[in-house]
Amino acid sequence: MTDFLKKHPILTICLFTAVMLLPNLHVMDVTIMEARNFISAREMVQDGHWLLTTMNGEARYQKPPMPTWITAVSGSLFGISSVYALRLPTVFFVMLIGIFIYKISLLLVKNKSHSLRNGLIGATSFYVIGITMEAPWDIYTHGFMIAGIYFLIKIFSFNDLKIKWIALATLFLGLSFLCKGPVSYYALMLPFLIAYGFTYKYQWSGKLVLTFLGILTLSLVIGGWWFIYVRQADPATFESIATKETSNWGSYNVRPFYYYWSFFVQSGLWTIPAFISLLYPYLKSRVSHLKAYQFSLLWTLFAVVLLSIIPEKKSRYLMPVLIPLAINIGFYIQYLITHFKELNNKKETVPVYFNFGLIGLIGLAFPILGYILLKGHFHSYWISYLLASLVLFGLGLMIYVFLIKKNMKMVFYLTVTFFAGILVTALPLSKATTTENFKPIWNLKNQLESQKLKLYGNNVSPEVIWHYGTTIPFADLNNMPNEEEFGFITGTLSESSMEKIQEHYTIEEKMVFDMNRVEVSSSRHNDRLRNEYYLLKRKP
């Protein structure tokens with residue numbers, strides 16, 4: 001098995017990611033950011049809005065269209081209403097990130113096994129996985145960027161201006177811009193350039209400077225043409241959206257400078273190794289490639305600092321930091337694999353036993369934890385429960401066995417397998433929390449079509465629009481539609497709003513649609529996902 005991993009590291013990353021993510025790609029509910037992207041993709045396919053992108057029939061120029069194009073193509077091939085089909089491309093971008101973390105690491109340390117582990121750390125970092133469902137734009141823009149950075153490193157390291165490297169660096173940087181504008185240029189490439197300059201020093205020549213400036217210029221042409229097109233085709237709307245988006249940078253979700261300082265927690269099961277890998281005084285004399293370690297450490301820290309400068313902050317914006325952090329964690333893991341059997345200092349061994357012992361304990365305790373989670377739903381999920389219990393208990397036990405033997409190589413591979421095991425076997429059990437008040441809107445479209453009625457909405461969330469299956473035109477309470485009879489969906493109506501509608505319409509309350517899987521009394525219940533549906537008839 002170890003020989004296969006050494007001989008086929010890229011294939012290993014791809015197969016591991018596929019086994020980890022593909023079986024249950026459809027299980028998690030569609031999030032608000034996902035829904036926006038999926039609606040735009042659906043309207044590309046159904047309405048032909050490939051360039052002047054829309055969401056629910058209204059212009060949506062906040063982000064470039066590359067991720068939506070990719071999503072729409074996948075939907076066209078495998079079903080535009082299939083969550084599985086629309087999420088499928090994100091799996092390939094997790095693979096892409098894992099592959100190029102491996103390839104960059106190989107350039108730095110010249111060790112396939114070490115580099116493979118770095119790629120697997122990246123692919124199993126919590127928010128690298130989470131971002132594929134929370135906000136698909138991010139996985140695309142940073143996936144393209146890390147590929148572009150790999151070819152920049154080849155250009156800088158070898159000072160060999162091969163046309164192939166230049167073309168690929170330009171293409172991937174341009175595609176990154178076409179996914180989310182300059183976001184990855186700032187969050188991933190700029191800290192890379194600073195860190196590389198500090199550690200490896202640029203061997204600048206006139207030719208290299210012109211080449212780099214050419215790469216940047218052409219990448220901006222590849223990534224920026226869409227903005228120019230939309231600016232010319234729909235200038236008023238474009239300027240309005242651009243003004244609002246720009247103002248958000250300094251006034252929306254404003255957080256203090258130190259908001260991102262716990263960034264290493266986003267790596268999930270690698271949290272403790274991530275933290276230790278940042279302790280330069282401790283690790284500098286223990287790593288086998290000091291300069292490469294200094295580079296990954298600075299790349300990580302500069303990325304956090306640059307993101308911290310921006311007033312608008314969200315936890316998902318930290319996702320690009322996890323890419324150089326995966327490389328940084330790899331140096332600590334490599335040190336443990338080569339030296340852990342010799343360590344007797346409790347200050348060094350206790351964090352290791354605690355981190356991996358905790359992971360093993362979760363596996364051993366899963367049969368009990370899973371049973372508690374299922375509560376009264378055991379009869380519906382007993383096969384999934386038994387499978388998850390056997391797999392996770394077995395992996396947890398094996399982690400302990402090899403941890404006691406101080407075989408950190410096996411502990412590492414069992415840990416990444418354990419993470420995959422959770423996603424493959426335990427993730428379906430998350431549906432067991434669904435309550436009886438869960439009433440999705442999936443079938444309403446067919447009902448209204450059979451009655452030849454149109455549906456209008458007020459304050460309807462993107463998730464509801466996505467699951468409805470087509471556009472839900474906005475209805476202003478002060479300017480309702482002209483139809484004599486139509487469906488109307490909204491959040492809870494106030495008494496004054498109800499009276500306003502009743503001036504001109506008779507109202508028949510039909511049903512409540514609630515896409516929350518928890519009780520209304522739960523703190524996790526989201527009012528945005530609860531909607532009341534009415535049948536409105538104009539008064540004579």
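Guide: In this predicted model, strands β5 and β6 (residues 530-538) run antiparallel and are joined by 9 bridges. Within this pairing, Met511 stands opposite Tyr533 of β6. The two strands belong to an open sheet of 4 strands, whose order is β3-β4-β6-β5 and whose pairing is mixed. The edges are taken by β3 (455-458) and β5 (505-514); each has a single partner strand, so one side of each is left without a neighbour in the sheet. On average, neighbouring strands of this sheet are turned by 25 degrees against each other, with direction ignored.

A helix also belongs to this picture. Helix α22 (residues 495-502) packs on the sheet and touches β4 (485-490), β5 and β6. The direction of α22 makes about 135 degrees with that of β5.

In soluble globular proteins, nonpolar side chains tend to be buried together. Here the largest nonpolar core has 136 residues, and Phe156, Phe192 and Trp299 have the most contacts inside it. Helix α5 (residues 83-109) gives the most to this core, with 14 residues. Leaving aside neighbours within four places in sequence, Trp299 is in contact with Ile104, Ile146, Ile149, Leu188, Pro191, Phe192, Ala195, Pro324 and Ile327. Another core, of 26 residues, lies apart from the largest one; Phe38, Leu453, Phe513 and Met515 are among its members.

How values were computed. Residues are numbered from 1 along each chain as its sequence is written. This is a predicted model: local features need pLDDT of at least 70, side-chain atom pairs count only at pLDDT 80 or more; totals for chains, interfaces and linings use all residues. Side-chain values use heavy atoms; hydrogens and water are left out. Two strands pair if DSSP finds at least two bridges between them. Axes are lines fitted to C-alpha atoms, for helices over the stretch in contact, and angles run from 0 to 180 degrees between N-to-C directions. Contact means heavy atoms within 4.5 Å. A nonpolar core is a set of buried Ala, Val, Leu, Ile, Met, Phe, Trp, Tyr and Cys residues joined through side-chain atoms within 4.5 Å. Buried means under 20% relative accessible area, exposed over 50%, partly exposed in between (1.4 Å probe, protein chains only).
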